[in-house]
Amino acid sequence: MYAKDRKRAILVTYPTKFAMSEAVSLAESAGYEVIRIISQKDITRSKFGIGKGKAEEVKQLVSDLNADLIIFDEILKPSQQYNLARLCKVDVVDREKLILEIFLDRATTNESKIQVKLAQLKYDIVRVKEKTRLAKLGEQPGFYGLGKYDADIRLLDIKRRTTLLKKKLKSEERKRALHRVQRLSNNLPLIALTGYTSAGKTTLFNLLADEKKVTSESVFTTLTTYTRSLILNDRKVLISDTIGFISRLPPYMIEAFKSTLSELNYADVIILVIDFSEDIHAIGKKLKSSLEILSKLEIPLNKCILVLNKIDRVKNNEINDKLNDLDITKSMTQVVSVSAEFGYNILMLKEMIIERIKQT
Ligand SMILES: Nc1nc2c(ncn2[C@@H]2O[C@H](COP(=O)(O)OP(=O)(O)O)[C@@H](O)[C@H]2O)c(=O)[nH]1
Ligand SMILES: [Mg+2]
């Protein structure tokens, strides 16, 4: 939905509902349009990530569908990425790169921008080292068109930039307290949506932000792509669609992720969205790690409203069973089940938000 020249991608992922839905949401968050999904049980094979036959199939699809790129939902070695790109003659964006692109797009503070750049340099360094290794072996002459000398210089450059960014980071961390005061001084209550990728945050964001759309520009302004203002019960509030939690996050990206997510600290109300149509085991696991992330960010749970989304896909008797099994009310007092897609129970959610704002 966010305007960008949407590049058309063929997505390679695992054949589970969760993997597919998460990968599509990630791809969309990064601004791509998924035009075809190829699923394979094993996408960690040595040469292309997928088997040779499958790779040929992808190549054919790229040309038949005139795709702009391949999104590969796994961490690829530089050589695998290169092999697949060379075979199919389009760019290959692997899971790591995809997440970095989302982070880059979402980082708003200086601090989070630096954290994302540091993660990016880590991603680059592995690739430069691989180029050096291959150049030394002379295995693939002309590989990336990079000689050992060039690679050494790039490596030094990356190390120099990393040191510089780490210094900058220190000074930004000191400024952080200041920022917070500034942000609060604009005085509008801020509602932040969070939760795992593909839980339905953006669907809910659009529903909430668009519904009370008034024409007066001064009242209803688009602040950034991900933050809008809306009128709730005669009161102007801000609503923000945050980056969201990502499963299988490479450890070196955790700092960048936490930093990008720290906008949650400025929120008056946090809406934690859970896909309630998933199986109980998956819901339990995600709820638990969501609460852990919120607690690491030192966000008080009484600021949070738990939204159980996609209720249109859950049978009535199942709802109660799931609620009982999870024992949700132990950790969260404000819980509401909704369907963002069909607008079910949104009024109830709005009332809960209004109540919560009154207390701030
Ligand atoms: N059935 C159903 N699907 C939903 C609902 N809300 C969102 N979805 C779908 O779930 C997918 C992920 O939604 P999205 O808003 O992009 O999730 P995000 O990654 O959390 O922003 C999309 O295909 C939505 O159409 C809902 O209430 N019911
Ligand atoms: Mg989204």
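How much accessible surface does the protein chain have, and what percentage of it belongs to carbon and sulfur atoms? I looked this up before turning to the ligand. The model is a predicted one. The accessible surface of the chain comes to about 18,300 Å². Carbon and sulfur atoms hold 52% of that surface.

**Entry: the chain**

I checked burial next. The chain has 360 residues, and 51% of them are buried. I then went through the secondary structure and found 11 helices and 11 strands.

**Entry: the shell around ligand 1**

I listed the residues around ligand 1 and got 16. Ser198, Lys201, Thr202, Thr203 and Asp312 come nearest. By class, I noted 8 polar, 5 charged and 3 nonpolar residues in this shell. Which element gives the largest share of the shell? I found that helix α7, residues 201–211, does, with 3 residues.

**Entry: backbone contacts to ligand 1**

I looked at backbone atoms facing oxygen atoms of the ligand. For Gly200, a backbone N or O atom lies 3.0 Å from an oxygen atom of ligand 1. For Ala199, I read 3.2 Å between a backbone N or O atom and a ligand oxygen. Ala340 also places a polar backbone atom 3.0 Å from an oxygen atom of ligand 1. I then asked how much of ligand 1 the protein covers. On its own, ligand 1 has 580 Å² of accessible area, and the protein covers 79% of that.

Terms used: Residues numbered from 1 in each chain as written. Chains lettered and ligands numbered in written order. Predicted model: local features only at pLDDT ≥ 70, side-chain atom pairs only at ≥ 80, totals over all residues. Heavy atoms only, no water. Near = heavy atom within 4 Å. Polar contact = N/O pair within 3.5 Å; in protein donor to acceptor, adjacent residues only side chain to side chain. Areas by Shrake-Rupley, 256 points an atom, 1.4 Å probe, with all protein chains shown as cover. Helix = DSSP H or I, 4+ residues; strand = E, 2+ residues; numbered from the N terminus. Nonpolar A, V, L, I, M, F, W, Y, C, P; charged D, E, K, R; others polar. Buried < 20%, exposed > 50% of the residue type's maximum accessible area, 1.4 Å probe, protein only.
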